[in-house]
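Trainee: Could we look at how to read helix packing, using this model as a case?
Mentor: Gladly, let's take a look.

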Amino acid sequence: MWFLWRRYALGVKEKVVLPLAKRWISGPDLSAAIDDAKKANSRGIGAVVNFLGEEIMDPTAADAQVEEYLRLQAALADGGIRGFASVKLTQLGMGSDDEAMRNRFDKIAANAEKTSQLLWIDMEGSKFTEKTVATYLDAHDHHRSLGVAIQAYARRSEADVDAILNRGGMVRLVKGAYREGSDFAFPTKPEINKNFERLMTALFERGDGFAIATHDGALIERAKVLAESSHAKFRFELLKGIRDDLKVDLVKSGYAVSEYLPYGDRWWAYSKRRISEHPSNVWLLLRSMV
Ligand SMILES: Cc1cc2nc3c(=O)[nH]c(=O)nc-3n(C[C@H](O)[C@H](O)[C@H](O)COP(=O)(O)OP(=O)(O)OC[C@H]3O[C@@H](n4cnc5c(N)ncnc54)[C@H](O)[C@@H]3O)c2cc1C
């Protein structure tokens, strides 16, 4: 009985949710992401490409993630595409074998240097924050052009941004996408937005090469004001499928803009985060089921 229910649920997920999820993901394979990256470039937008995967414990599977990232970086370079990769450390084995994870990350970071591309590290749930920041700071000593996502909802982020800026590192500032307790994260939107603004101010004062990654119009307007009195190079980064109008407006106004393009068949965890963070997406999902 349980087996039949599970098969039914999987079928619903594939048939009903996958078409909706394609709003936020390029598709199952690299060629779909490369197509989207080219489309973004043709609109004056750079690409940040992520091969979907998280919490991969099996070493063979984690090695395969490295191979895919090397393929992705080669495809971007060979296609003359303005873009680069963004990776999650748990897809390289963080949490299972951290030394092996660092070796895997080193290979991707070395290839980023070889192909003259940036490389971002995505930030994941709170149980990985400390290790992610530490891995980033360590790798930053050995590789150029690495950046890490920092979550404005996290109480610790002010100290993390400070440590990263002291070392000349690069930050992608996001609000944060995981469900966290109030011991780790500010619980209300106003507090998160206030911290986003505080961290963003520090980036404009002391950072360079950073990314302001939000769809929040008020914070984007605030970034534009801060940019007027700063010499820092920065870009706006937005997710595929969200506020396409805004991306084009920002490009027209002369700002550097990139679009985050996830691809791969491990699309469920990512899509769940996109569905849950915006009420209209739940309606979209329910409507598509009837
Ligand atoms: C380039 C990029 C990289 C990211 N990397 C990470 C990461 O490494 N780690 C991490 O924890 N989080 C990451 N995030 C996700 C981020 O933390 C937020 O969960 C997400 O961006 C939504 O927050 P917001 O800043 O857009 O503000 P919100 O206050 O959530 O949204 C502001 C407005 O944006 C629009 N909007 C936002 N989300 C949606 C949606 N799903 N569907 C439709 N409209 C929407 C709505 O108009 C909304 O009013 C990333 C986001 C971006 C843009």
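Mentor: Axes are lines fitted to C-alpha atoms, for helices over the stretch in contact, and angles run from 0 to 180 degrees between N-to-C directions. Helices (H or I, at least four residues) and strands (E, at least two) are DSSP runs, numbered from the N terminus. This is a predicted model: local features need pLDDT of at least 70, side-chain atom pairs count only at pLDDT 80 or more, and totals for chains, interfaces and linings use all residues. Residues are numbered from 1 along each chain as its sequence is written.

Trainee: At roughly what angle do the axes of helix 4 and helix 5 cross?
Mentor: Two packed helices are described by the angle between their axes and the distance between the axes. Here, helix 4 (residues 98–114) and helix 5 (residues 129–140) cross at roughly 50°, and their axes come within 11 Å. That makes helix 4 oblique to helix 5. Angles under 35 degrees count as roughly parallel, over 145 as roughly antiparallel, 65 to 115 as roughly perpendicular and the rest as oblique.

Trainee: Which residues make the contact?
Mentor: Residues are in contact if their C-beta atoms, placed from the backbone, lie within 7 Å. Helix 4 brings Asp98, Arg102, Phe105 and Ala109, while helix 5 brings Lys131, Thr135 and Ala139.

Trainee: And how do the strands pair in the barrel?
Mentor: Two strands pair if DSSP finds at least two bridges between them. Eight strands close into a barrel in the order 1-2-3-4-5-6-7-8, with parallel pairing. From one strand to the next, the twist averages 30°. Strand 6 (residues 210–212) pairs with strand 7 in the parallel sense over three bridges, and Ile212 stands opposite Phe236 in strand 7.

Technical notes:
Two residues are in contact if their C-beta atoms, placed from the backbone, lie within 7 Å.
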